[in-house]
Amino acid sequence: MLFGIAAPIVCIILIFFTFRGNSTSIRAATMYLKRDKWPGELHKSRVEAWQQTNTMYGNDYFFDIYFHLGGVPELYSAKALIMPSQMHLLQKGLPIIVKKGKNNRMAVMQIGE
């Protein structure tokens with residue numbers, strides 16, 4: 001009888017951990033979608049590199065955009081949502097505007113001029 005109660009609970013836990021996906025990527029995507037609501041400063045920078053993620057919002061893909069801020073040699077990363085028809089326009093040196101908030105929250109507000 002104890003096995004009959006424990007087995008479904010274990011199965012539910014296994015299914016949850018198997019299908020929940022990459023939770024850090026989903027958290028970062030949610031943070032990006034709420035970027036207009038959280039306070040922060042806008043900074044101008046340029047794209048150094050980028051990497052497409054497996055996270056989508058509708059038909060658009062989230063990208064990790066890498067850049068420098070304020071002349072510091074450290075490379076920062078922020079999410080950006082890009083349409084498939086615009087992916088080929090990403091290139092090194094492209095100007096971007098990044099919003100930097102508390103707790104290292106960062107999101108790309110605008111790509112290009």
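A: Here's a walk through the strands, with stops at a few residues along the way. Keep in mind that this is a predicted model.

Let's start with the first pairing. Strand β1 covers residues 40-57 and strand β2 covers residues 60-68; the two run antiparallel and are joined by seven bridges. Together they make a hairpin with two residues between the strands. If you look at the turn, G58 has a positive phi of about 70 degrees.

Now follow β2 onward. Its next partner is strand β3, residues 75-82, and this pairing is antiparallel too, with eight bridges. Here H68 stands opposite L75 in β3. The hairpin of β2 and β3 has six residues between the strands, and there G70 takes a positive phi near 60 degrees.

H68 also leads us back to β1, by way of S45. That serine lies in strand β1, and its side chain reaches the backbone oxygen of H68 at 2.5 Å. Is S45 buried or exposed? S45 has a relative accessible area of 11%, and because the cut-off for buried is under 20%, it counts as buried. As for its surroundings, once you set aside the neighbours within four places in sequence, S45 is in contact with F67, H68 and L69, and also with L94, P95 and I96.

P95 brings us to one more strand, β4, which spans residues 95-101 and includes I97. I97 has 22% relative accessibility, so this residue counts as partly exposed. Leaving out neighbours within four places in sequence again, I97 is in contact with L42, H43 and K44, plus A107, V108, M109 and Q110. Take Q110 from that list: it sits 13 residues from I97 along the chain, yet their C-alpha atoms are separated by 5.1 Å.

Before you leave the model, have a look at the start of the chain. M1 is found in the segment before α1, the helix of residues 2-19. With 87% relative accessibility, M1 counts as exposed. M1 also belongs to a nonpolar patch on the surface, formed with I5, I9 and I13. Together, these four residues have about 470 Å² of accessible area.

Terms used:
Residues are numbered from 1 along each chain as its sequence is written. This is a predicted model: local features need pLDDT of at least 70, side-chain atom pairs count only at pLDDT 80 or more; totals for chains, interfaces and linings use all residues. Side-chain values use heavy atoms; hydrogens and water are left out. Two strands pair if DSSP finds at least two bridges between them. Helices (H or I, at least four residues) and strands (E, at least two) are DSSP runs, numbered from the N terminus. Buried means under 20% relative accessible area, exposed over 50%, partly exposed in between (1.4 Å probe, protein chains only). A polar contact is a pair of N or O atoms within 3.5 Å; within protein, one must be able to donate a hydrogen and the other to accept it, and residues adjacent in sequence count only if both atoms are side-chain atoms. Contact means heavy atoms within 4.5 Å. Patches are made of residues with over 30% relative accessible area and no salt bridge: like charges are joined within 9 Å, nonpolar side chains (Val, Leu, Ile, Met, Phe, Trp, Tyr) within 5 Å. Accessible areas come from the Shrake-Rupley method with a 1.4 Å probe; for residues, only the protein chains shown count as cover. A salt bridge is a side-chain nitrogen of Lys or Arg within 4 Å of a carboxyl oxygen of Asp or Glu.
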